[in-house]
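Q: I have a model open and would like to go through it piece by piece. Can you walk me through it?

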Amino acid sequence: MTRIVLATASADLESRFRAATGGTLLALPPAAALADPAHLLSRLDGAGLPEVVALDADPAAEHALRLAALLDEQCPQIAVILVTEQGRDLGLAAIRAGVHDILHPRAEIPEIQAVLTRAAQTAESRTPPPTSAQAPASVTGRVISVVSPKGGVGKTTVATNLAVGLARATPDSTVLVDLDAQFGDVASALDLTPEFSLIDVVHGPATHDSMVLKTFLTLHESGLYAICGPSSPAASDTITGEDVTRLLQVLAREFHYVVVDTAPGLSEHTLAALDETTDHVLLTSMDVPGVRGLRKELDTLTELGMLRPSRHVVVNFADKRGGLSIADVEATIGVKVDLQLPLSTAARISTNQGIPLVMSGSRDPLTKQLRRLVDRFTDGQGSAGARELDRRRPRRGRRDAVAAGQDEHELDRRGGQRDGDVVVSPGTEAGIGLPVAPAVQRVTDQPVTADGPIPMTRRLMRLMNRAAGAQEHADRESDDRDPRYRGGERSGR
Ligand SMILES: Nc1ncnc2c1ncn2[C@@H]1O[C@H](COP(=O)(O)OP(=O)(O)OP(=O)(O)O)[C@@H](O)[C@H]1O
Ligand SMILES: [Mg+2]
């Protein structure tokens, strides 16, 4: 069945279209009320992508022509029909806007049917066969998830700076997904006012088509595409782990880099993202609770077989004055620290102003380290490209304040805090050896419960039990090969 949309204010035209289509028509308000394809598609209430869109161009033809041109560019598989009595005058403009056919507003039902049938055939010929849609696309991007067990340790700061750095190093390469579905603040960190959020891309027509999905992304001035978190925390309940999986898989086919900002801990959404992740950025603050939390998270991911070889352990708020050294941190987490991000006033100012540090042209040590993080993914092209862009970019507005190092005290006041106010974890003595946190209880020893040290979601419990099952299976197999065991029965022990 052909999916047909008619955008009109005319009840008479709508009723003739209904008759022509046997009632299978989705009627929308006129083109003037639909700013762009994403607006149009978001009003389809989850229906699939239409094959034919008829736009009533009277009386304001310019809106209809503009929307037709955008549909042609962003959703080329849709055949657009212009309904107008100015067919002769608008002919050339309509061709340029990629319009498939023109229909008079007083056309009779048989004529409407004939035009819709031709348009549907064209749409069908433009739609790629299902097999090629499922075939692996040319890009298999890296999915980089920024995770930490604790909140407020700089995940959004790192994710936004990394994503902006990657987008500037390779244009059109990067999308940032705010997976902190309840309290995500990517939009604020990038000073964006998104029209569409995570909710819109995981529900509705964007789920069926990657071209449509792209129309729901928010473009940042750096060239980064962003999917911002929903405006209401309650909306996150409607997003499942499967939604996250499908979204990241589609994005990885379209972008070289998919950077994922996450909520603290191992939520359902984070675990789904980690399943799709190629590169972990594991973040901790430089204090005892943060470091111990990271140790537990590393243990859990190892236990689940989810820790990727490509991982980047980052210590944020690095400051010797807190009484911990990097050697202490490494001894506790049992792996090398790859990057230290120093405690810096510039971070808070940048967060409050919505201007990522890597765009500021600042020589602040934190900014330098964030550029180094970008370089880890671009073989050093990131900071070189960004510096070149900084030279070319005219300075203006809020960015100037940071870049030009405007009266630091004034900025500090506006940033709300000075360095001395940022307290590194109290209660630690210089040179203290951190106790090694016990590994997460092995699920084979004791069933996993929901009140473990890290909030355990149902998905996490499922995964842990799956991992335990796999381990038991492996144990049984090695038992079978062991001459001391016979027929699964242990003997001689
Ligand atoms: N190296 C740093 N020095 C000083 N302040 C920092 C540093 N890194 C981040 N911050 C500040 O710490 C605050 C929390 O950072 P951010 O929002 O990035 O953390 P988060 O882990 O995403 O938090 P949440 O878990 O709530 O999402 C912000 O105000 C940010 O500017
Ligand atoms: Mg955050």
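Predicted model: local features only at pLDDT ≥ 70, side-chain atom pairs only at ≥ 80, totals over all residues.

**Working through the model**

Q: What about contacts, how many join residues at least 24 apart?
A: Taking contacts between residues at least 6 apart in sequence, 74% join residues at least 24 apart.

Q: OK, strand E3. Is it enclosed or open?
A: E3 covers residues 52–56, and five of the five are buried, so the strand is largely enclosed by the rest of the structure.

Q: Which residues sit on which side?
A: Val52, Ala54 and Asp56 are on one side, with Val53 and Leu55 on the other, and both faces are covered.

Q: Why the every-other pattern?
A: Side chains in a regular strand alternate between the two faces of the sheet.

Q: What does E3 pair with?
A: Strand E1, residues 4–7, pairs with E3 in the parallel sense over four bridges. Within that pairing, Ile4 has Val52 as its bridge partner. E3 is also joined to strand E4, residues 79–83, by five bridges, and those two run parallel as well. There, Leu55 stands opposite Leu82.

Q: How does the chain get from E3 to E4?
A: The chain goes through helix H3, residues 61–74, and the β-α-β crossover is right-handed.

Q: What is Ala27 in contact with?
A: Leu6 and Glu14, leaving aside neighbours within four places in sequence. Ala27 and Leu6 are 21 residues apart along the chain, and their C-alpha atoms are separated by 5.0 Å.

Q: Different topic. What's around ligand 1?
A: Ligand 1 is surrounded by 20 residues, and the closest are Gly151, Thr156, Thr157, Ala347 and Thr351.

Q: Which elements supply the shell?
A: Helix H7 (155–169), strand E12 (311–318) and helix H15 (345–353) each give at least two residues to the shell around ligand 1.

Q: And by class?
A: The shell around ligand 1 has nine polar, eight nonpolar and three charged residues.

Q: You mentioned E12. Which sheet is it in?
A: E12 belongs to an open sheet of eight strands with mixed pairing, in the order E8-E9-E7-E10-E6-E11-E12-E13. At the edges are strand E8 (218–219) and strand E13 (339–342); each has a single partner strand, so one side of each is left without a neighbour in the sheet.

Q: How do E12 and E13 pair?
A: They run parallel and are joined by three bridges. Ala318 stands opposite Pro342 in E13. With helix H14, the two strands make a right-handed β-α-β unit.

Q: Which way do E7 and E10 run?
A: Strand E7 (residues 174–178) and strand E10 (residues 257–261) run parallel, with five bridges between them. Thr174 stands opposite Tyr257 in E10.

Q: Back to E12: what about Val313?
A: Val313 lies in strand E12. Val313 has 19 C-beta neighbours inside 10 Å, so it counts as partly exposed; buried takes 20 or more.

Q: What does Val313 touch?
A: Not counting residues up to four places away in sequence, Val313 touches Leu282, Ile333, Val335, Lys336, Val337 and Asp338. Lys336 is 23 residues from Val313 in sequence, and 7.2 Å away in space, C-alpha to C-alpha.

Q: Last one, helix H13. What span should it have?
A: H13 has 16 residues (residues 288–303), which at 1.5 Å a residue should span 22 Å; its end C-alpha atoms are 22 Å apart, so the two agree.

Q: Is H13 covered or open?
A: H13 is mostly covered, with twelve of its 16 residues buried. Among them are Val288, Leu294, Leu298 and Leu301, as well as the charged residues Arg292, Arg295, Glu297 and Asp299.

Q: What covers them, and what follows the helix?
A: The cover includes strand E11 (279–285) and helix H14 (326–333). H13 is followed by Gly305, which has a positive phi, near 70 degrees.

Key. Residues numbered from 1 in each chain as written. Chains lettered and ligands numbered in written order. Pairing = 2+ DSSP bridges. Right-handed = clockwise from strand over helix to strand, strands pointing away. Near = placed C-beta within 6 Å. Expected span 1.5 Å × (residues − 1). Contact = placed C-beta atoms within 7 Å.
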